[in-house]
Amino acid sequence: MHIWLQRTGLDTAGWARPLLTGGKGTPVMDIGTYRDAIATGNPDRRPMFTRLEGDQVVWSDGTREHVDVVLLATGYRPGVDYLAGLGALDEDGQPHHRGGVSLTHPGLGYVGLEWQRSFASVTLRGVAADARHVLTRLRKQIRTTDRALTSSR
């Protein structure tokens with residue numbers, strides 16, 4: 001089905017959205033593989049940290065941990081209300097983004113949003129391509145920022 005959607009162009013046709021989803025979101029199929037992986041601690045699930053400081057997260061007990069990536073897996077419906085105070089969300093509580101790259105905060109990206117870039121964005125088939133897209137854009141932002149900082153010294 002996904003190959004057909006991609007080859008016909010319905011995958012990225014905005015007008016096809018109600019037709020493909022029935023207005024109820026994208027169905028998720030799991031034969032237990034993903035549920036089992038999460039149950040065994042892969043990936044490592046953690047409670048929400050209290051804040052970010054540079055390249056560190058600060059936990060509720062005050063301990064700090066260096067991180068390279070913060071991956072917020074919010075489930076099948078974006079649960080990103082904690083970003084509202086940053087101005088990262090629109091009036092409907094959805095991320096301000098283009099193709100998964102925040103329009104409000106450099107370095108902030110999203111992956112797995114419904115119709116992020118296509119119908120497949122919320123599926124395993126589409127999320128990998130979207131992740132590559134977002135990482136490519138974020139790396140470009142970082143290089144641009146690094147160059148600006150270096151030239152201003």
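**Figure 1. Overview of the predicted model and its secondary structure.** Residues 24 or more positions apart account for 32% of the contacts in the protein that have a separation of 6 or more. The coordinates shown here and in the views that follow belong to a predicted model. The secondary structure comprises 4 helices and 5 strands, and these elements, when read along the sequence, follow the pattern α-α-α-β-β-β-β-β-α. Of the 153 residues of the protein, 23% count as buried.

**Figure 2. The open sheet formed by S1, S2 and S3.** Three strands are arranged in the order S1-S2-S3, and their pairing within this open sheet is antiparallel. Strand S1 (51-53) and strand S3 (64-66) stand at the edges and have a single partner strand each, so one side of each strand is left without a neighbour in the sheet. On average, and with direction ignored, neighbouring strands of this sheet are turned by 30° against each other. In general, the strands of a sheet pair through backbone hydrogen bonds, in either a parallel or an antiparallel manner. Strand S2 (residues 56-58) is joined to S3 by 3 bridges, and the two strands run antiparallel.

**Figure 3. The aromatic pair of Phe49 and Trp59****.** A search of the whole structure finds 2 aromatic pairs. In one of them, the ring centres of Phe49 and Trp59 are 6.4 Å apart and the ring planes stand at 80°, so the pair is edge-to-face, given that planes over 60 degrees apart are assigned to this class. Phe49 lies in the loop between helix H3 (33-39) and S1, whereas Trp59 lies in the loop between S2 and S3, so the pair ties together parts that are 10 residues apart in sequence. Both Phe49 and Trp59 are buried.

**Figure 4. Tyr82 in the loop between S3 and S4****.** Tyr82 is placed in the loop that runs between S3 and strand S4 (97-98). With a relative accessible area of 35%, Tyr82 is partly exposed, because this class covers the values between the limits of 20% for buried and 50% for exposed residues. Gly93 is 11 residues away from Tyr82 in sequence, and the C-alpha atoms of Tyr82 and Gly93 are 9.9 Å apart in space.

**Figure 5. Trp115 in the loop between S5 and H4****.** Trp115 is found in the loop that connects S5 with H4. The phi angle of Trp115 is near 55°, which is a positive value in a residue other than glycine. Trp115 has a relative accessible area of 15% and is therefore buried, as the limit for this class is under 20%.

**Figure 6. Helix H4 and its buried residues****.** Helix H4 (residues 124-151) has 28 residues, and the distance from its first C-alpha to its last reaches 41 Å, which is close to the 40 Å expected at 1.5 Å a residue. The buried residues of H4 are Gly126, Asp130, His133, Val134 and Leu138, and what covers these buried residues includes strand S5 (101-102). Asp130, which has its place in helix H4, counts as buried because its relative accessibility is 2%. When its neighbours within four places in sequence are left aside, Asp130 is in contact with Gln116, Arg117 and Ser121.

Key. Residues numbered from 1 in each chain as written. Predicted model: local features only at pLDDT ≥ 70, side-chain atom pairs only at ≥ 80, totals over all residues. Heavy atoms only, no water. Expected span 1.5 Å × (residues − 1). Buried < 20%, exposed > 50% of the residue type's maximum accessible area, 1.4 Å probe, protein only. Contact = heavy atoms within 4.5 Å. Pairing = 2+ DSSP bridges. Axes fitted to C-alpha atoms, helices over the stretch in contact; angles between N-to-C directions. Phe/Tyr/Trp six-rings, centres within 6.5 Å; stacked < 30°, edge-to-face > 60°.
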